[in-house]
Amino acid sequence: MRRLITALFVTFALSSAQAATQMEELAQRMHPSDFPAQVEKLLKDDNPAQALELADLGLKKNDKSAQLHFMKAVSLERLGRTEEAVKVLRHLIGSYPEIPEPYNNLAVIEAGLGRLEDAVDLLNRALTINPEFALARKNLGDVYLALAREAYEQAAPKLPRNKFLQKRLKALQAIDGRPTNN
């Protein structure tokens, strides 16, 4: 059994090293302007680890690429590295305050952490930049639903006979109001 586990570990380590080599080889052949499309493809193909590696390699060639910074944050978030994703998104907002997508993605993270008021603020900032940003508008609606549910849940124990409140609360509890990323 121990030999099998060791063999599997060696195989996994070799395949991971080969993947890293593949991304480095790919990056060497690419023009800096080609990185965003390749990273996006990796994200669409559900390969966030490779997307992150390629984004980092692309940023070494062009550190000013807002697209690559954004895709790096998306990759980090999909890998469950939320704190790192937040740091990248905040840096992106500081460097490029005119781009609405980082506000949206940071708002989704904040909402997921229960910081709904912060999420509302970030989504409103995204919508100030681009009033037609449908995903940010949808996420704002989801956050408002979560805030409404929170308010009804706080009021329900104090108003147990209020059938209107109980009906609304049940309806809100039936709705999955979690916001989504790009």
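Which helix holds both glutamate 153 and arginine 149, and how many residues apart are they? Select the two residues in this predicted model. Both lie in helix H8, which covers residues 134–155. They sit four residues apart, about one turn of the helix. Now show their side chains. Glutamate 153 and arginine 149 form a salt bridge, and the closest N and O atoms are 2.9 Å apart. Glutamate 153 is partly exposed, at 34% relative accessibility. Arginine 149 is partly exposed too, with a relative accessible area of 31%.

**Stop 1: a charged network**

Select Arg90, Glu110 and Arg115. Salt bridges that share partners join Arg90, Glu110 and Arg115 into one network. Zoom in on one link. The side chains of arginine 90 and glutamate 110 meet in a salt bridge, 2.9 Å from N to O. Arginine 90 lies in helix H5 (residues 82–95) and glutamate 110 in helix H6 (residues 101–112), so this pair ties together parts that are 20 residues apart in sequence.

Is glutamate 110 buried or exposed? Glutamate 110 has a relative accessible area of 3% and is buried.

**Stop 2: two helices crossing**

Stay here and select the whole of H5 and H6. Two packed helices are described by the angle between their axes and the distance between the axes. For H5 and H6, the axes come within 9 Å and cross at roughly 145°. The crossing is left-handed. Now colour the residues that make the contact. On H5, these include Ala85, Val86, Leu89 and Ile93. On H6, they include Pro102, Tyr103, Leu106 and Ile109. Arg90 and Glu110 belong to this contact as well.

**Stop 3: one more salt bridge**

Move to lysine 41 and aspartate 45. Their side chains meet in a salt bridge, 2.8 Å from N to O. Lysine 41 is partly exposed, with a relative accessible area of 47%. Aspartate 45 also counts as partly exposed, at 43%. Across the model, the count comes to nine salt bridges.

**Stop 4: the nonpolar core**

Which residues touch the most other members of the largest nonpolar core? Select Phe35, Val39, Leu54 and Val143 to see them. The core holds 45 residues. Helices H1 (2–29), H2 (35–44), H3 (48–61), H4 (66–78), H5, H6, H7 (116–129) and H8 each give two or more residues to this core.

Centre the view on valine 39. Leaving out residues up to four places away in sequence, valine 39 touches Ala51, Leu54, Ala55, Leu68 and Met71.

Another core lies apart from the largest one. It has five residues, among them Tyr152, Ala156, Leu165 and Leu172. Select those four next.

**Stop 5: the whole chain**

Zoom out and switch to the cartoon view. The chain has nine helices and zero strands. From the N terminus on, its elements run α-α-α-α-α-α-α-α-α. Buried residues make up 37% of the 182 residues. The accessible surface comes to about 11,400 Å², and 55% of it belongs to carbon and sulfur atoms. Finally, think about contacts between residues at least 6 apart in sequence. Of these, 53% join residues at least 24 apart.

Terms used
Residues numbered from 1 in each chain as written. Predicted model: local features only at pLDDT ≥ 70, side-chain atom pairs only at ≥ 80, totals over all residues. Heavy atoms only, no water. Salt bridge = Lys/Arg side-chain N within 4 Å of Asp/Glu carboxyl O. Buried < 20%, exposed > 50% of the residue type's maximum accessible area, 1.4 Å probe, protein only. Contact = heavy atoms within 4.5 Å. Areas by Shrake-Rupley, 256 points an atom, 1.4 Å probe, with all protein chains shown as cover. Core = buried A, V, L, I, M, F, W, Y, C linked by side-chain atoms within 4.5 Å. Axes fitted to C-alpha atoms, helices over the stretch in contact; angles between N-to-C directions. Left-handed = near helix turned anticlockwise from the far one by under 90°.
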